[in-house]
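Please examine the sequence and the model shown below. The paragraphs that follow lead through a few of its local features.

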Amino acid sequence: MPKEKQVDIVVFGATGDAGRCACHFLHNQGKLIGVESWAPAARNLDKLTTVLGSILAKRSPVPKDGVASSKPIKSDSDDYESVLSMAKQAKVVLSCAGPFSFYGENVVKACIEAGTDYVDITGETPWVNYMAKKYGKEAKKKGVYLLSQSAFDSVPSDITIAIGALALMNKGEKVGRAENHFFLEGGAMPVGTLNTILNMSLDARRKFLSLLTFGMVKCETAENKKEAAELKKLKDVEGLVPKQIKAAIQSDLMKNNTTLYSSMTGKCFLPFFMAPANVPIVHTTAEKLGYGVSKGDGFTYGEYFLSSDAGNFTVFAVAVAAVILAPIMNRPPLPAWGMLFITFYLFPFGSILLALIFGGTLAVCLGLPLWLFFPGLVSYVAKLINNSDPMSMKKKTFEKVCNGFKESGISNCESTVRSSSGNMTVKVTMKSNYDAGLGFTGLCSATVAASVVERRRKGLVGNGFSTAVAAIGPKELSSNLEKVKCEFTIEV
């Protein structure tokens, strides 16, 4: 690694929601994970000074577990030379500027050229795969770490399954079915995440209209055409996700979206909304660690949320049916409604489930036509709602995270991994008292970056594009996360 590298971690996109949280985490807890120096980077240093004023002003002592910021770095994703200059100053660049399909490629390219390791918070798996196809050979040759999806997408999913799978393998068992159930509370959606979702929805709309009109309506931009042409050239090049497991990933995603009950865990649930980002990463790590579908042992994976015991769900479903059937059968509605409200105690997610059902119905009836014919309006309204900060959720989260990096919510997942024979089951739980989108994302991504710095100190060279769990190892990464109050439990 070149001698001119001055800081352990540079947080790129530090004026954004997630980047801001990563900076506050390092300022308050960086020493716990072995960070000795770090710096924020952004295209607008005046805005950076405003957003991170409490950190950069240095009016008060740095917390005992924290690390003071080095001088901010000016870097614009549209100015490659400025990005390269930033990369040359860092041991690891932690990229928090999304959508990554808009702002990410120059950062990846510059890190490879500078021989700098790279970590990001994206959940844009197709973009990650594209980058791996385009720059994978050069990255491997340079011996750098390129670890995308190193935050809430997709570390909790990946690390809990990996810990459970390796525990089975250590007992001489083969790995079969694996599931994750998520329990989230608090926080808000970062602006970059919203823009990523809107960008992906516009891409889905373009493909849907093309399919609907038999190719007559394409809605392709010049950038779409350029990327399609490059992907065509790279079709035989291996990306991050191995080609031989893509059919298994699609099969798992299909089952994930059409399954509401698990016989393995005895729970009812809803499909987890981040499964399209997480399932490919879990399968990729499985291949790298030796328990993937190519082993032929029947590895499959699903992830869910709003989980509840099947019995409680059944009582709730009966109560809903009673409310619907009472007027049809000429029965008094009050007892049925009373029963429904009582079941909310047994099935606390019932109200959320009903809201999702009614909201989904409304979205299909009203939102789908708007999305197809007035996508600009849909994007405008979505951004307006997010910027209005409903119930002050983002404000409340920042008040905690930006004032001593206090606990801001819940990001828990419970994994169950069963052997192919069905003779053994391992349960792994990860608990964090930070919200998923902001607090945990800043904490986790910075911990992955610090883990890479530590591996470099030990003389361990990177192997190009990989998952965080496969590159660092589930034992080492979970140990580092435990240093910042993530709790892991394993039950065989």
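In which loop is the place of Lys 485? In this predicted model, Lys 485 sits in the loop between helix 20 (474-482) and strand 14 (487-491). Lys 485 is not a glycine, yet its phi is positive, at about 70 degrees. Its relative accessibility is 58%, and because exposed means over 50%, Lys 485 counts as exposed.

Most residues other than glycine have a negative phi, and most peptide bonds are trans. A positive phi is also found at Phe 405, where the value is near 50 degrees. Phe 405 belongs to the loop between helix 17 (393-401) and strand 11 (410-419). With a relative accessibility of 2%, Phe 405 counts as buried, because the limit for that class is under 20%.

The peptide bonds deserve attention as well. Gly 98 and Pro 99 are joined by a cis peptide bond, with omega about 0 degrees. Pro 99 is located in the loop between strand 4 (90-95) and helix 5 (100-103). Another cis bond leads from Asp 153 to Ser 154, and its omega is near 10 degrees. Ser 154 is found in the loop between strand 6 (145-147) and helix 8 (155-170).

Asp 78, Asp 79, Glu 81, Glu 113 and Glu 138 form a negative surface patch. Of these residues, Glu 113 is placed in helix 6 (residues 105-114). Its relative accessible area is 43%, so Glu 113 is partly exposed.

Conventions: Residues numbered from 1 in each chain as written. Predicted model: local features only at pLDDT ≥ 70, side-chain atom pairs only at ≥ 80, totals over all residues. Heavy atoms only, no water. Patch = residues over 30% accessible without salt bridge, like charges linked within 9 Å, V, L, I, M, F, W, Y side chains within 5 Å. Areas by Shrake-Rupley, 256 points an atom, 1.4 Å probe, with all protein chains shown as cover. Salt bridge = Lys/Arg side-chain N within 4 Å of Asp/Glu carboxyl O. Lys, Arg positive; Asp, Glu negative; His and termini not counted. Charge placed at Lys NZ, Arg CZ, Asp CG, Glu CD. Helix = DSSP H or I, 4+ residues; strand = E, 2+ residues; numbered from the N terminus. Buried < 20%, exposed > 50% of the residue type's maximum accessible area, 1.4 Å probe, protein only.
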